[in-house]
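Here are some exercises to work through with the model open beside you. Try each task before you read its solution.

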There are 2 protein chains.
Amino acid sequence: MDVFDAIMARRDVRNEFSGEVIDDATLMRLLRAAHSAPSVGNTQPWDFIVVQDRGTLSEFAEHVATCRTDFAESLPDDRRDTFNPIVVQGIESSGTGVVVTYDPSRGGPHILGRHTVDETGHLSVALAIQNLWLAATAEGIGVGWVSFYHQDVVRELVGVPDGLDVVAWLCVGPVTELQRVPDLERFGWRDRRPLSDAVHRERFASLDVVGHANQAGPN
Amino acid sequence: MDVFDAIMARRDVRNEFSGEVIDDATLMRLLRAAHSAPSVGNTQPWDFIVVQDRGTLSEFAEHVATCRTDFAESLPDDRRDTFNPIVVQGIESSGTGVVVTYDPSRGGPHILGRHTVDETGHLSVALAIQNLWLAATAEGIGVGWVSFYHQDVVRELVGVPDGLDVVAWLCVGPVTELQRVPDLERFGWRDRRPLSDAVHRERFASLDVVGHANQAGPN
């Protein structure tokens, strides 16, 4: 699949998992795509824990359900009504979780490029995730990033060593289709921002000059 | 270009910029690819500041040179010798900088999915960067992520408002070629880790069971 087509077709999947489990050869192609991402100082600070044990998936899904309730309860009434029909995970229906971790010690004490901006380590892991996501789209595999969890619960559940961070739980599995419009747009949670608002020339055009974003603004 | 081909061909470019400046239609396709990334709660918390003013590029390049020297001086002798020939930026030769920022306030106080894992906001910006990077590869455009800078210098240089974070300076421009082997491997800074070391099953296999990484380890 063409890169641009994959970028546009990619969705954050919750509802469309077919119930089949991804075959191992495909899964390894996706993990190889992830592992081919750039990383600060070439540290490759990621690890991938493939979780397919039904008991583990079920236990994690229960935890996520609790976090979902906590979030719903934190919302004002009108936002809670919008949020209620939105599914936040496909942990069991995808059949496979890929837990992605970050090891800040990988590469030793002198990381080329992390000397000034330490967060580039963490961000490298997200680059790997996006590689996996696009490769999956090309393979007809859906990916849903779950972030309704407490890190310590995942750490305990899959044995992440001290010192490593849990970055993401990805639900990965075959899908019946990909939605054309992101769920959070379809359900009225939040619309897409026009590209023109996000692009500035030479200097950041602050909100009071939006509409002139293509001029070099006074800031 | 096929997704997997782009993932494998993509390089972090410093030396191979041709000196031409990217045309605006291509640049906008890359920014649209970035803007099509997933983001936590559909917040799209990124902005892109396109910098092509020669004076600004030159000023930033001087700052990066200083940070490069600081890093070199922090290294043990043998690592400094390995580091010295490595070019860390193509700020002026690329002709275009894309400064990528993160706005943590985008989407208001109730961010679906950031309730439990706040860093997903930051990570969303990296997903956009990887979209841009792969789209660029498909278009014959090189991208180099520069992180040898102090955030406040970039903030001042391009007028990033208070409250937003500077996430990356990307050098973006036409290239004569893409290296087949990443610079940091070619120059002996750091090799690629085998994929098998990065993949674990059901639970994280700690270092003392490496080689058995495909078994469910005792941790």
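**Exercise 1.** Determine the handedness with which α2(B) and α6(B) cross, and list the residues that meet there.

*Solution.* Step 1: the crossing of α2(B) and α6(B) is right-handed. A crossing is called left-handed if the near helix is turned anticlockwise from the far one by less than a right angle, and right-handed if clockwise. The helices themselves (H or I, at least four residues), like the strands (E, at least two), are DSSP runs, numbered from the N terminus.

Before going on, a note on the source: this is a predicted model, in which local features need pLDDT of at least 70 and side-chain atom pairs count only at pLDDT 80 or more, while totals for chains, interfaces and linings use all residues. Residues are numbered from 1 along each chain as its sequence is written, and chains are lettered from A and ligands numbered from 1 in the order in which they are written.

Step 1: helix α2 (residues 24-35) of chain B packs against helix α6 (residues 120-138) of chain B at an angle of about 140°, and their axes are 7 Å apart. Axes here are lines fitted to C-alpha atoms, for helices over the stretch in contact, and angles run from 0 to 180 degrees between N-to-C directions.

Step 2: from α2(B) come B:Arg29, B:Leu30, B:Ala33, B:Ala34 and B:His35, which meet B:Ala128, B:Ile129, B:Asn131, B:Leu132, B:Ala135 and B:Ala136 of α6(B). Contact requires C-beta atoms, placed from the backbone, to lie within 7 Å.

Step 3: sorted by class, this contact has eight nonpolar, two polar and one charged residues. Ala, Val, Leu, Ile, Met, Phe, Trp, Tyr, Cys and Pro count as nonpolar, Asp, Glu, Lys and Arg as charged, and the others, Gly among them, as polar.

**Exercise 2.** Find the angle and handedness for α2(A) and α6(A).

*Solution.* Step 1: the axes of α2(A) and α6(A) come within 7 Å and cross at roughly 145°. Step 2: their crossing is right-handed. Step 3: among the residues that meet are A:Leu30 and A:His35 in α2(A), with A:Ile129 and A:Leu132 in α6(A).

**Exercise 3.** Trace the open sheet that includes β5(B), and say which strands stand at its edges.

*Solution.* Step 1: the five strands come in the order β3(A)-β4(A)-β2(A)-β1(A)-β5(B), and the pairing is mixed. Two strands pair if DSSP finds at least two bridges between them.

Step 1: at the edges are β3 (141-146) of chain A and β5 (199-201) of chain B; each has a single partner strand, so one side of each is left without a neighbour in the sheet. Neighbouring strands are turned by 25° against each other on average, direction ignored.

Step 2: look at β1 (residues 46-51) of chain A. Six bridges join this strand to β2 (residues 97-102) of chain A, and the two run antiparallel; A:Trp46 stands opposite A:Tyr102 there.

Step 3: Helix α7 (residues 151-158) of chain A lies across β1, β2 and β4 (165-174) of chain A, at about 70° to β4(A).

**Exercise 4.** Describe the sheet that contains β5(A).

*Solution.* Step 1: this open sheet has five strands, ordered β5(A)-β1(B)-β2(B)-β4(B)-β3(B), with mixed pairing. Step 2: its twist averages 25° from one strand to the next. Step 3: β2 (residues 97-102) and β4 (residues 165-174) of chain B run antiparallel, joined by six bridges, and B:Val98 stands opposite B:Leu170. Step 4: α2(B) lies across β5 of chain A together with β1 (46-51) and β3 of chain B, at about 160° to β1(B).

**Exercise 5.** Work out how chain A is laid on chain B, and through which surface the copies meet.

*Solution.* Superposition is by least squares on the C-alpha atoms of residues with pLDDT of at least 70 in both.

Step 1: the contact takes 79 residues from chain A and 79 residues from chain B. On the side of chain A that touches chain B, the largest share, 11 residues, comes from helix α6 (residues 120-138) of chain A. That side has 42 nonpolar, 23 polar and 14 charged residues.

Step 2: 100% of the interface residues of chain A are also interface residues in chain B, so the copies meet through the same surface.

Technical notes. Contact = placed C-beta atoms within 7 Å.
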